[in-house]
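Notebook open, model loaded. I'll jot down what I look up as I go.

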Amino acid sequence: MTSPNPNNTDSPRGLGFALSAYVMWGLMPLYMKALSHFPAAEVVAHRVIWAVPVAGLLLIVLRRTDDLMAALRSPKTLLMAAVTAALITVNWGIYVWAIANGHALDAALGYYINPLFSVLLGALLLGERPSAVQMVAIALAAAAVVLLTVAAGGLPLVAVGLTLSWGFYAFFKKSLPVGPNQGFMLEVLILLPVALGYVIYLSVTGSGHMGGAGLDTALLLGCGLVTAVPLITYANGAKLLRLSTIGILQYIAPTMIFLIAVFAFGEEFGGARMIAFPMIWAALVIYSVPLVKQLRRKPA
């Protein structure tokens, strides 16, 4: 089990955890593309079901089941976890649908924008004051979204949906009074009855894809690992890194998604996207300059 990082420094172990998590998230479109012949709702249901034993085994190994039981007895904690569980379900559903239907570039865009949206949430909901540099970055990202909206004749719903769902998930997750591993287990336990009910319904009606020893069954079973392992790895790595380091590393996953979308999936990168994506990249560079300066400072 990792311990908190009281000296606010970066540990090699924490960097290894975080890098591993972001690389796994970056490669996830390849796995989700293999599931593209399944309905998105079915994939999300299996992500929930098979994440439960993975997360449960970790808590047993770490001996943190008492924290989970205490959370299950707290109505307030359960209500807060229900909110985060709903948000992560929406996020997973949009993401799975996007990869299956040729919108991986929009998914990358959504996760690129998310750090800037988190700054905006802090300003609007927590009274935090963004710096002038952050405001310029937010304005540039907003302009890119407006450009894409005008060019397409409507909002880039995948990008906006992923940004909103993950941004609010992270916002409310911070207030969840349990550790990250216990919190994730609590979320999937809350979702489990609905997910099981849906999969049973699919099985009874003959429209499900689970069963037998074929590749489809193996892929659906693997949903638990590809869902739980990156989240748990990231949660343990984040404890051992500075926030500024995490702020830089979080661009790894959308960059990998972008490259996979263009070079592996052959999605079109032209027209308004050729202008909007560089605007987003410029916004992230502007946003990241203060973070890089923090990384270069020696800890007190």
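Which handedness does the crossing have where H4 passes H7? I looked, and H4 passes H7 in a left-handed crossing. (Left-handed: the near helix is turned anticlockwise from the far one by less than a right angle; right-handed: clockwise.)

**Ground rules.** This is a predicted model, so I note that local features need pLDDT of at least 70 and side-chain atom pairs count only at pLDDT 80 or more, while totals for chains, interfaces and linings use all residues. Residues are numbered from 1 along each chain as its sequence is written, and side-chain values use heavy atoms, with hydrogens and water left out.

**Confidence.** I checked pLDDT next (the predictor's confidence in each residue, from 0 to 100). The chain has a mean of 87, with 93% of its residues at 70 or more. Helices here are DSSP runs (H or I, at least four residues; strands are E, at least two), numbered from the N terminus.

**Helix pairs.** Back to H4 and H7: they pack at about 155°, with their axes 9 Å apart. That makes H4 roughly antiparallel to H7. (Axes are lines fitted to C-alpha atoms, for helices over the stretch in contact; angles run from 0 to 180 degrees between N-to-C directions. Under 35 degrees counts as roughly parallel, over 145 as roughly antiparallel, 65 to 115 as roughly perpendicular, the rest as oblique.)

H4 also meets helix H2 (residues 40-62): the axes come within 9 Å and cross at roughly 130°. H2 and H4 are therefore oblique to each other, and their crossing is right-handed.

**Second largest pocket.** I get about 250 Å³ of space in it. (Pocket: on a 1 Å grid over the protein atoms alone, an open set of points where a 1.4 Å probe fits, with protein on both sides within 12 Å along at least five of seven lines; lining residues have an atom within 4 Å of a point.) Of the 13 lining residues, Ile113, Phe117, Ala141, Ala142 and Val145 are the closest to its centre. Helices H5 (104-125), H6 (132-152) and H7 (157-173) each give two or more residues to the lining, and H6 has the largest share with 5. I sorted the lining as 12 nonpolar, 1 polar and no charged.

Note on methods:
Points joined across faces, edges and corners; volume = space filled by probe spheres on them. Nonpolar A, V, L, I, M, F, W, Y, C, P; charged D, E, K, R; others polar.
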